[in-house]
Amino acid sequence: MGKCHLREGRYREALEIGRLAEMHAQDIPSRIRADRQLKIWELQAKAYKGMYQATDNLDYVNDSITVWERFRHMAIHTYREREVSRAEAEIRGLKSLQQGAL
(Lines give C-alpha, C1' and ligand atoms only; values in the text may rest on other atoms or scores of the structure.)
Protein backbone atom coordinates (compact mmCIF):
# COMPACT_ATOMS: atom_id res chain seq x y z
CA MET A 1 0.00 0.00 0.00
CA GLY A 2 2.86 2.37 0.81
CA LYS A 3 4.36 1.96 -2.67
CA CYS A 4 0.99 2.80 -4.18
CA HIS A 5 0.84 5.99 -2.13
CA LEU A 6 4.35 6.91 -3.32
CA ARG A 7 3.41 6.41 -6.97
CA GLU A 8 0.34 8.57 -6.50
CA GLY A 9 2.31 11.35 -4.77
CA ARG A 10 0.61 10.84 -1.40
CA TYR A 11 3.83 11.04 0.59
CA ARG A 12 2.35 11.62 4.04
CA GLU A 13 0.14 8.55 3.67
CA ALA A 14 3.12 6.49 2.49
CA LEU A 15 5.10 7.66 5.49
CA GLU A 16 2.28 6.72 7.86
CA ILE A 17 2.04 3.25 6.31
CA GLY A 18 5.81 2.87 6.77
CA ARG A 19 5.63 3.95 10.40
CA LEU A 20 2.76 1.56 11.07
CA ALA A 21 4.66 -1.30 9.45
CA GLU A 22 7.75 -0.45 11.49
CA MET A 23 5.74 -0.48 14.72
CA HIS A 24 4.64 -4.04 13.91
CA ALA A 25 8.04 -5.25 12.67
CA GLN A 26 8.36 -7.61 15.64
CA ASP A 27 5.49 -9.62 14.15
CA ILE A 28 7.46 -10.32 10.96
CA PRO A 29 9.10 -13.77 10.92
CA SER A 30 12.82 -13.48 11.68
CA ARG A 31 13.93 -15.11 8.40
CA ILE A 32 12.46 -12.23 6.37
CA ARG A 33 12.59 -9.40 8.92
CA ALA A 34 15.74 -7.75 7.49
CA ASP A 35 14.28 -7.69 3.97
CA ARG A 36 11.03 -6.19 5.15
CA GLN A 37 12.77 -3.65 7.38
CA LEU A 38 14.88 -2.49 4.45
CA LYS A 39 11.73 -2.10 2.34
CA ILE A 40 10.04 -0.12 5.11
CA TRP A 41 13.01 2.24 5.41
CA GLU A 42 13.26 2.63 1.64
CA LEU A 43 9.59 3.61 1.56
CA GLN A 44 10.09 6.13 4.37
CA ALA A 45 13.19 7.67 2.76
CA LYS A 46 11.44 8.06 -0.58
CA ALA A 47 8.40 9.58 1.12
CA TYR A 48 10.57 12.17 2.86
CA LYS A 49 12.28 13.01 -0.44
CA GLY A 50 8.89 13.37 -2.12
CA MET A 51 7.72 15.64 0.68
CA TYR A 52 10.82 17.79 0.13
CA GLN A 53 10.11 18.00 -3.59
CA ALA A 54 6.55 19.06 -2.86
CA THR A 55 7.45 21.71 -0.27
CA ASP A 56 11.19 22.62 -0.61
CA ASN A 57 11.52 22.11 3.16
CA LEU A 58 15.13 21.00 3.73
CA ASP A 59 14.19 19.22 6.96
CA TYR A 60 12.70 16.47 4.81
CA VAL A 61 16.06 15.99 3.05
CA ASN A 62 17.70 15.54 6.46
CA ASP A 63 15.01 13.04 7.43
CA SER A 64 15.53 11.11 4.20
CA ILE A 65 19.30 11.02 4.75
CA THR A 66 18.78 9.73 8.30
CA VAL A 67 16.54 6.91 7.10
CA TRP A 68 18.95 5.96 4.29
CA GLU A 69 21.76 5.83 6.86
CA ARG A 70 19.71 3.38 8.94
CA PHE A 71 19.08 1.39 5.76
CA ARG A 72 22.82 1.36 4.97
CA HIS A 73 23.72 0.30 8.51
CA MET A 74 21.39 -2.70 8.39
CA ALA A 75 22.51 -3.59 4.86
CA ILE A 76 26.15 -3.58 6.00
CA HIS A 77 25.39 -5.84 8.96
CA THR A 78 23.33 -8.27 6.89
CA TYR A 79 25.98 -8.45 4.11
CA ARG A 80 23.90 -6.91 1.32
CA GLU A 81 26.45 -5.17 -0.88
CA ARG A 82 23.97 -4.06 -3.55
CA GLU A 83 21.76 -2.35 -0.97
CA VAL A 84 24.79 -0.72 0.68
CA SER A 85 25.85 0.74 -2.67
CA ARG A 86 22.33 1.96 -3.38
CA ALA A 87 22.02 3.60 0.03
CA GLU A 88 25.39 5.31 -0.37
CA ALA A 89 24.38 6.62 -3.80
CA GLU A 90 21.09 7.94 -2.39
CA ILE A 91 22.87 9.60 0.53
CA ARG A 92 25.40 11.24 -1.81
CA GLY A 93 22.60 12.50 -4.05
CA LEU A 94 20.61 13.89 -1.15
CA LYS A 95 23.66 15.59 0.36
CA SER A 96 24.47 17.23 -2.95
CA LEU A 97 20.82 18.29 -3.25
CA GLN A 98 21.08 19.72 0.24
CA GLN A 99 24.30 21.59 -0.58
CA GLY A 100 22.78 22.99 -3.77
CA ALA A 101 19.75 24.28 -1.87
CA LEU A 102 21.79 26.09 0.76
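Helix α2 (residues 11-23) and helix α3 pack at an angle of about 155°, with their axes 9 Å apart, where axes are lines fitted to C-alpha atoms, for helices over the stretch in contact, and angles run from 0 to 180 degrees between N-to-C directions. Helices (H or I, at least four residues) and strands (E, at least two) are DSSP runs, numbered from the N terminus. This is a predicted model, in which local features need pLDDT of at least 70 and side-chain atom pairs count only at pLDDT 80 or more, while totals for chains, interfaces and linings use all residues. Residues are numbered from 1 along each chain as its sequence is written, and side-chain values use heavy atoms, with hydrogens and water left out.

**Helices α2 and α3**

- The two helices α2 and α3 are therefore roughly antiparallel to each other, given that angles under 35 degrees count as roughly parallel, over 145 as roughly antiparallel, 65 to 115 as roughly perpendicular and the rest as oblique.
- The crossing of α2 and α3 is left-handed, a term that applies if the near helix is turned anticlockwise from the far one by less than a right angle, with right-handed used if clockwise.
- Residues in α2, including Tyr 11, Leu 15 and Gly 18, meet residues in α3, among them Ile 40, Trp 41 and Tyr 48, and contact here means heavy atoms within 4.5 Å.
- The residues of this contact of α2 with α3 divide into 10 nonpolar, 4 polar and 3 charged, where Ala, Val, Leu, Ile, Met, Phe, Trp, Tyr, Cys and Pro count as nonpolar, Asp, Glu, Lys and Arg as charged, and the others, Gly among them, as polar.
- Leu 20 lies in helix α2 and counts as partly exposed at 44% relative accessibility, since buried means under 20% relative accessible area, exposed over 50%, and partly exposed in between (1.4 Å probe, protein chains only).

**Helices α3 and α5**

- The axes of α3 and helix α5 (residues 81-101) come within 13 Å and cross at roughly 15°, and the two helices are therefore roughly parallel to each other.
- The crossing of α3 and α5 is left-handed, and the residues of their contact divide into 5 nonpolar, no polar and 5 charged.
- In α3, Leu 38, Glu 42, Lys 49 and Tyr 52 take part in this contact, meeting residues of α5 that include Glu 83, Arg 86 and Leu 94.

**Aromatic pairs**

- The structure holds 2 aromatic pairs, which are rings of Phe, Tyr and Trp (its six-membered ring) whose centres lie within 6.5 Å, with planes under 30 degrees apart counted as stacked, over 60 as edge-to-face and the rest as tilted.
- Tyr 48 and Tyr 60 form a stacked pair, at 6.4 Å centre to centre and with 25° between the planes.
- This pair links distant parts of the chain, with Tyr 48 in helix α3 (residues 30-55) and Tyr 60 in helix α4 (residues 58-77), 12 residues apart.
- Tyr 48 counts as buried at 11% relative accessibility, and Tyr 60 is buried with a relative accessible area of 14%.
- Trp 68 and Phe 71 form an edge-to-face pair, at 5.0 Å centre to centre and with 70° between the planes, and both lie in helix α4, 3 residues apart, about one turn of the helix.

**Positive phi in the loops**

- Most residues other than glycine have a negative phi.
- Asp 56 has a positive phi near 65°, and its place is in the loop between α3 and α4.
- Tyr 79, in the loop between α4 and α5, has a positive phi near 60° and is exposed, with a relative accessible area of 72%.
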